[in-house]
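I am opening the model and keeping notes on what I look up, one entry at a time.

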Amino acid sequence: MPLSGKNATSLIVTSRSNSRVKQLRAAFAGQARLSGGLVAIEGDHLLTEALRSGMVLKTVFVSERRSVPSIVPRGVEVLTLTDEVFAGAVETQSPQGIAALLAPVIPNIEAVLHGTPLILVAAGLQDPGNLGTLVRSAEAFGATGVLTTPGTVSAWNQKAIRASVGSIFRMPVVAAIAAEVAALKPHGIRLLAAVGSDDFNPTDAQKIDLSGPTALLIGNEGAGLTAEWMEMADKHVTIPCPGPVESLNAAIAGSLLLYEASRQRSRRRSQP
């Protein structure tokens with residue numbers, strides 16, 4: 001990435017007690033109150049993705065061994081940190097020397113209802129890597145949004161952000177309670193619960209119509225969907241596996257269902 005010193009600061013921060021450094025550290029730790037509600041990102045790729053997606057940067061942090069990336073807009077606060085202070089503020093073992101604080105976008109549920117909705121509902125997912133991967137797949141396969149229910153890890157968790165590879169900056173991710181998910185039905189959206197092939201007499205994904213307004217329910221990695229979600233669902237769907245496996249990883253299962261929905265929708269659009 002081209003580098004320039006147009007936003008470089010004249011002083012180097014040498015103290016871990018600096019207020020901005022503490023705010024950055026709190027953001028990486030997921031401490032919303034101490035970070036002022038800001039989210040931390042690290043690395044050139046995520047910085048580029050954030051700016052490309054229109055995210056608003058509050059502060060950019062660079063280590064003393066490198067210059068300020070030229071893509072950083074003029075007027076953004078930039079702090080240069082000693083390598084030691086920078087390494088102590090970020091999470092990765094081999095920091096790239098660039099980090100930032102940004103204001104996350106908090107959409108409402110209306111943001112996922114445009115067009116022919118294809119919504120992924122993460123119901124109790126606890127692995128941030130799985131959630132981030134699903135956010136990435138949701139963007140890749142044309143979903144209109146992701147809903148996260150109580151008990152699901154935050155989409156702004158550091159591992160989730162990295163696993164999304166920047167899709168979190170563009171894909172609407174909305175926190176929703178069960179009543180709000182159930183309220184999708186009056187909008188004509190079918191709720192489909194993803195289950196194992198031996199559970200609840202499900203329909204194979206290829207045999208169910210995913211081209212209409214659809215919400216795919218993906219449950220907890222270990223326990224799956226609770227009885228409340230199973231009862232709420234209009235239908236149960238599964239991914240047939242010819243191999244001798246009991247079940248698929250939540251991120252893989254959700255991604256395959258999103259792909260199948262995308263495939264069906266593409267085929268439908270191509271029909272005269």
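**Entry: strand β8.** I began with the burial of β8 and found it mostly covered, with six of its six residues buried. I then checked which way the side chains go. Leu-118, Leu-120 and Ala-122 point one way from the strand, Ile-119, Val-121 and Ala-123 point the other way, and all are buried. I note for reference that in a regular strand the side chains alternate between the two faces of the sheet. This is a predicted model, and I read every entry here with that in mind.

**Entry: partners of β8.** I looked up which strands pair with β8. β8 and β13 run parallel and are joined by six bridges. Within that pairing, I found Thr-214 of β13 as the bridge partner of Leu-118. β8 also pairs with β9 (residues 145–148), again in the parallel sense, over four bridges. Here Val-121 has Leu-147 of β9 as its bridge partner. I followed the chain from β8 through α5 to β9 and noted that this β-α-β crossover is right-handed.

**Entry: helix α9.** I moved to α9, which covers residues 250–270. Its 21 residues reach 30 Å from the first C-alpha to the last, close to the 30 Å expected at 1.5 Å a residue. Which residues of α9 are buried? I list Ala-250, Ala-251, Ala-253, Gly-254, Ser-255, Leu-257, Leu-258, Glu-260, Ala-261, Gln-264 and Arg-265. An α-helix has 3.6 residues a turn, so residues three or four places apart point the same way. I then asked what covers the buried residues of α9. The cover includes β8 (118–123), α5 (128–140), β11 (190–194), β13 (214–219) and β14 (235–238). At the start of α9, I found a side-chain oxygen of Asn-249 within 2.7 Å of the backbone nitrogen of Ala-251.

**Entry: the five-stranded sheet.** I traced an open sheet of five strands in the order β2-β6-β4-β7-β3, and its pairing is mixed. Why does one side of β2 and of β3 lack a neighbour in the sheet? β2 (12–13) and β3 (39–42) stand at the edges with a single partner strand each, so one side of each is left without a neighbour. For β2, I found two bridges to β6 (residues 77–81), with the two strands parallel. Val-13 has Leu-81 of β6 as its bridge partner.

**Entry: strand β4.** I turned to β4 (residues 56–63), which is mostly covered, six of its eight residues being buried. β4 pairs with β7 in the antiparallel sense over six bridges, while five bridges join β4 to β6 in a parallel run. I looked up Phe-61 on both sides. The bridge partner of Phe-61 in β7 is Ala-99, and in β6 Phe-61 stands opposite Leu-79.

**Entry: Val-90.** I located Val-90 in the loop between α4 (83–89) and β7 (98–103). Is Val-90 buried or exposed? The relative accessible area of Val-90 is 10%, under the 20% limit, so I count Val-90 as buried. Setting aside residues up to four places away in sequence, Val-90 touches Phe-28, Glu-42, Pro-95 and Ala-99. I checked one of these by distance: Glu-42 is 48 residues from Val-90 along the chain, and their C-alpha atoms are separated by 7.5 Å.

**Entry: Gln-23.** I found Gln-23 in helix α1 (residues 19–28). Its relative accessibility is 15%, so Gln-23 counts as buried. Beyond neighbours within four places in sequence, Gln-23 is in contact with Leu-34, Ser-35, Gly-36, Leu-38 and Leu-101.

**Entry: whole chain.** I finished with the totals. The protein has nine helices and 14 strands, and 49% of its 272 residues count as buried. The C-alpha atoms fill a box of roughly 65 × 40 × 35 Å along the principal axes. Of the contacts with a separation of 6 or more, 78% come from residues 24 or more positions apart.

**Entry: confidence.** The mean pLDDT of the protein is 92, and 96% of its residues reach 70 or more. Over residues 1–5 the pLDDT is below 50, and I noted that this stretch has 14 contacts in the model beyond near neighbours in sequence.

Note on methods
Residues are numbered from 1 along each chain as its sequence is written. This is a predicted model: local features need pLDDT of at least 70, side-chain atom pairs count only at pLDDT 80 or more; totals for chains, interfaces and linings use all residues. Side-chain values use heavy atoms; hydrogens and water are left out. pLDDT is the predictor's confidence in each residue, from 0 to 100. Contact means heavy atoms within 4.5 Å. The expected span of a helix is 1.5 Å times one less than its number of residues. Buried means under 20% relative accessible area, exposed over 50%, partly exposed in between (1.4 Å probe, protein chains only). A polar contact is a pair of N or O atoms within 3.5 Å; within protein, one must be able to donate a hydrogen and the other to accept it, and residues adjacent in sequence count only if both atoms are side-chain atoms. Two strands pair if DSSP finds at least two bridges between them. A crossover is right-handed if, with the strands pointing away from the viewer, the path from the first strand over the helix to the second runs clockwise.
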